[in-house]
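Biologist: Could you take me through a structure feature by feature, giving the general idea before the particular case?

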Amino acid sequence: MKDVYLKTKGEIEKALDSSPQGLTTTEANSRFQKFGPNALEETKKQTTLQVFLSQFKDLMVIILIIAALISASMGDAESTIVILVVLILNAVLGTIQHIKAEKSLASLRSLSSPSAKVLRDGQLIEIPSTQVVPGDIMNIEAGDMVVADGRILDLYSLQVNESSLTGESTNVDKADVEFDHEVPLGDRLNMVYSGSLVTYGRATILVTGTGMETEIGKIASLMNATKEKRTPLQVTLDDFSSKLAIVIMIICAIIFGMQIVRGQPLMDALLFAVALAVAAIPEALSSIVTIVQAMGTQRMAKENAIIKNLAAVESLGSVSVICSDKTGTLTQNKMTVEDIYVGDETYTSKTLDLHNQLHRYLLYDAVLNNDSSLVDGKGIGDPTEYALLEMYRKVPGIQVDEDTISLTENQLRDALERMEEVPFDSDRKLMSTQYKIHGITTTFTKGAVDVLLDRCQSIRLDDGIHPMTPARKQKILDKNQEFSASGLRVLAFAYKEGDESLSKDTEYGFTFLGLISEMDPPRQESIDAVTQAKKAGIRTIMITGDHKVTATAIARRIGIFEDGDLAVTGLELDAMSEAELDQNIEKISVYARVSPENKIRIVEAWQKKGRIVSMTGDGVNDAPALKKADIGVAMGITGTEVSKDAASMILADDNFATIIKAVANGRTIYENIKNAILYLLSGNLSAIITVVYASIFALPVPFKAVQLLFINLVTDSLPALAIGMEPGAKDILDRKPRDPKAGFMDQPFIQKFSLQGALIAIGVIFAYQMGLQTNPNVACTMAFSTLTLARLFHGFNCRNEHSIFRLGFKRNWYSLYAFLLGVCLLSLILFVPSLHNLFSVTPLTMQQIVSIGGLAILPTIIIQLGKIIREQK
């Protein structure tokens with residue numbers, strides 16, 4: 001049923017054909033057949049085999065498969081085996097990277113309670129929660145998980161925690177009220193929802209929705225319909241790979257045609273084409289990108305950012321909008337006393353005076369009329385109540401020093417035994433307890449300001465007790481409004497003396513003591529992080545289930561909300577057309593009282609503007625938006641399993657500042673991946689130029705396929721991985737986010753790798769020509785050795801824009817280790833006879849080896865000199 005909270009109980013009972021005696025067993029079975037089990041549906045997922053096979057759809061992979069088939073037909077078993085092994089390894093890596101267990105719906109299903117208490121045939125019975133149907137009369141009490149959506153029929157001090165749906169951890173006091181206008185889910189006091197927890201009291205409810213028709217079911221539907229976006233790096237690499245594959249095929253076809261025209265045998269022409277294809281394709285690219293991202297995740301994990309999706313690592317560097325939850329992420333998720341209004345003055349905890357009897361009575365009320373406790377510094381009970389105890393401990397005279405309390409709240413409670421009490425309930429909005437103070441029976445009361453003020457006939461000030469005049473009452477209401485406008489939650493305190501028995505009927509005739517305001521204060525590091533985000537060109541938006549006034553006040557403190565900005569509620573957002581939202585979205589800094597649909601709409605609106613969006617959240621209601629965002633960020637401490645499953649990243653410390661650190665890491669990883677690709681492309685280009693040179697001048701093939709695969713997969717991988725370990729620049733967060741539409745292959749990048757590739761190719765061609773003076777086998781060995789060593793040296797050039805003299809090795813010893821290990825592997829191939837046949841090399845003279853070393857290092861010397869000259873300028 002739609003908008004059941006707007007209907008009367010009678011209308012709903014009639015619509016669902018229910019009665020106070022519940023359903024009959026026959027009717028319940030009939031409805032079970034009609035509506036199905038009270039469970040969430042799953043979507044069909046790809047099998048692991050399907051994901052594995054999909055890795056071979058890439059055009060460059062198909063070219064390599066063709067190269068392997070040609071090698072096999074020519075009897076080159078070694079090259080065939082190596083190429084196939086490479087393809088399978090890359091497919092396995094791709095499968096591990098892309099196959100992710102979709103646990104979100106499983107986690108949603110786990111929120112359902114295993115059983116429920118319902119009326120069937122007029123008898124209260126317990127049944128599995130999956131058998132609950134619309135129209136059932138269900139009983140719930142403290143400790144129960146609500147298993148279906150329902151309208152409250154009768155309730156007794158019912159409090160429900162709906163944090164999984166609204167994101168707000170404060171318990172909701174339910175009430176038997178009727179609404180004549182639309183209100184957000186968090187304000188629907190006459191309803192309970194599947195997945196929420198009953199924390200206090202009990203109620204009888206009429207089930208109005210089960211399974212996919214519940215609010216959690218709607219969230220599951222949103223998650224099923226929400227497809228994860230490809231990251232900017234994935235888009236860039238896919239675009240780059242397809243273009244590179246087309247260029248490779250064209251060049252291979254041209255070379256093959258040239259060889260045939262020259263009268264070369266068909267198999268020799270194919271041999272050239274295979275060598276060129278293997279030289280051109282950066283086989284290790286996907287593996288290196290994956291490994292660099294994986295190493296980045298390890299760095300991030302040390303800074304409390306746990307990355308679930310490797311592809312998300314780089315996307316962080318492109319984030320330009322962060323939609324952040326308020327509670328626990330930007331704030332401390334801990335209620336704290338702010339301002340105290342007593343005796344017509346405003347105080348803080350540390351400025352209260354124990355020698356002032358008025359102040360002492362306010363403290364008595366705050367501590368004694370309170371059911372919470374502090375154990376080892378941790379609050380137990382209602383957060384609003386134990387915040388009062390923490391306030392008490394900070395009062396001078398109570399707090400002797402940081403570790404010593406002169407009179408703890410427990411000692412005070414032991415000295416003054418509670419005589420009677422009337423617990424808080426949502427109807428009265430009051431709590432009262434009775435004690436003997438100085439031999440006089442005294443009743444202390446706290447509660448909602450408007451309710452308690454109406455029950456006060458006098459006010460206590462520093463100079464005694466005075467009548468509660470309209471002017472004094474208005475002054476208190478004005479102060480309450482001032483606190484509320486600042487986003488503070490306000491409690492009123494009062495007392496009365498007399499031997500009258502305490503009951504709901506005697507909660508009148510009080511003397512007003514004061515107001516105590518509380519709030520969940522911002523984290524200091526969040527304030528700094530928002531400032532840093534602005535500097536980094538990142539817009540921070542607050543999206544919360546809290547009220548607009550509170551959210552705006554917190555956002556202003558943190559620096560998210562500034563003059564000229566807008567704050568809107570979920571209902572106001574619903575009323576906006578797409579054009580209106582598009583026009584206003586740049587101005588809106590705060591969204592309050594939002595629904596899961598609202599969150600997805602906000603994320604989509606920013607994405608339509610071409611922005612890379614990060615979304616944080618901890619509740620079930622956040623999960624669809626977390627999945628929809630480019631980077632979904634879940635809370636590790638307070639987050640539900642559903643939100644963690646839907647997210648790309650989990651904050652182990654629930655701290656907004658950690659996101660900014662992760663952004664810096666993401667930017668660094670992107671720079672490193674780009675530098676690694678520069679290294680691979682420039683090295684591959686040098687091999688392509690050499691092969692084309694040999695083809696144009698009708699010379700023998702300069703490289704064997706197995707040699708090129710060794711260079712691309714082993715020798716090249718080591719420096720590329722070392723480049724991936726390069727620390728980030730100090731000014732990484734002073735730059736604007738990169739344009740996600742901008743690919744790698746811009747003009748400066750093409751010029752750079754073309755020039756560097758040409759320099760390396762010149763050295764390789766010289767070595768090849770020197771070898772040809774002896775024989776083609778020596779020429780092939782010298783070309784292979786020079787190319788390998790030159791690319792190992794080239795790893796130093798691609799670490800950064802700066803010269804190696806400025807960078808040094810202290811920041812990244814891995815670059816030196818990669819070079820030394822690569823030299824060792826090349827030495828083994830050249831100097832261990834048993835490896836000669838496998839890699840098609842032949843022994844060299846000392847003069848030839850020295851020539852290889854000189855020709856290999858020359859391009860690096862030239863490139864480093866160019867960097868030094870630029871640094872001097």
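The dialogue below goes from the whole chain to its sheet, a hairpin, salt bridges and a surface patch.

Biologist: What should I know about the source of the coordinates before reading them?

Modeller: This is a predicted model, in which local features need pLDDT of at least 70 and side-chain atom pairs count only at pLDDT 80 or more, while totals for chains, interfaces and linings use all residues. Residues are numbered from 1 along each chain as its sequence is written, and side-chain values use heavy atoms, with hydrogens and water left out.

Biologist: How many helices and strands are there in the protein chain, and what percentage of its residues count as buried?

Modeller: The protein chain has 33 helices and 26 strands, where helices (H or I, at least four residues) and strands (E, at least two) are DSSP runs numbered from the N terminus. Of its 873 residues, 55% count as buried; buried means under 20% relative accessible area, exposed over 50%, and partly exposed in between, with a 1.4 Å probe and protein chains only. Among contacts (heavy atoms within 4.5 Å) with a separation of 6 or more, 71% are between residues 24 or more positions apart.

Biologist: How do I read a sheet, and in what order do the eight strands of the open sheet stand?

Modeller: Strands of a sheet pair through backbone hydrogen bonds, either parallel or antiparallel. Here two strands pair if DSSP finds at least two bridges between them. The eight strands form an open sheet in the order β8-β26-β25-β24-β9-β21-β23-β22, and the pairing is mixed. The edges are taken by β8 (305-307) and β22 (566-569), each of which has a single partner strand, so one side of each is left without a neighbour in the sheet. On average, neighbouring strands of this sheet are turned by 20 degrees against each other, direction ignored.

Biologist: Which helix lies across β21, β22 and β23?

Modeller: That is helix α19 (residues 548-558), which lies across β21 (539-543), β22 and β23 (588-592) and runs at about 140 degrees to β23. For such values, axes are lines fitted to C-alpha atoms, for helices over the stretch in contact, and angles run from 0 to 180 degrees between N-to-C directions.

Biologist: What should I look for in the hairpin that β14 and β15 form?

Modeller: Look at the pairing and then at the turn. Strand β14 (residues 420-425) and strand β15 (residues 430-437) run antiparallel and are joined by four bridges, with Glu420 opposite Gln434 in β15. Four residues lie between the two strands, and Lys429 in the turn has a positive phi of about 60 degrees although Lys429 is not a glycine. Lys429 counts as partly exposed, at 40% relative accessibility. His438, in the loop between β15 and β16 (440-447), has a positive phi of about 55 degrees although it is not a glycine, and at 60% relative accessibility His438 counts as exposed.

Biologist: Are Lys326 and Asp546 buried or exposed?

Modeller: Lys326 counts as buried at 3% relative accessibility, and Asp546 counts as buried at 9%.

Biologist: Which residues are linked with Arg418 in a network of salt bridges?

Modeller: Asp371 and Glu421 are linked with Arg418 in that network. In the Glu421 and Arg418 salt bridge, the closest N and O atoms are 3.5 Å apart; Glu421 is partly exposed, with a relative accessible area of 41%, and Arg418 counts as partly exposed at 24%.

Biologist: Which residues make the nonpolar surface patch of about 400 Å²?

Modeller: The patch is made by Ile857, Leu858, Ile861, Ile862 and Leu865, and Ile857 lies in helix α33 (residues 846-872). Patches are made of residues with over 30% relative accessible area and no salt bridge, like charges being joined within 9 Å and nonpolar side chains (Val, Leu, Ile, Met, Phe, Trp, Tyr) within 5 Å. The accessible areas come from the Shrake-Rupley method with a 1.4 Å probe, and for residues only the protein chains shown count as cover.

Technical notes: A salt bridge is a side-chain nitrogen of Lys or Arg within 4 Å of a carboxyl oxygen of Asp or Glu.
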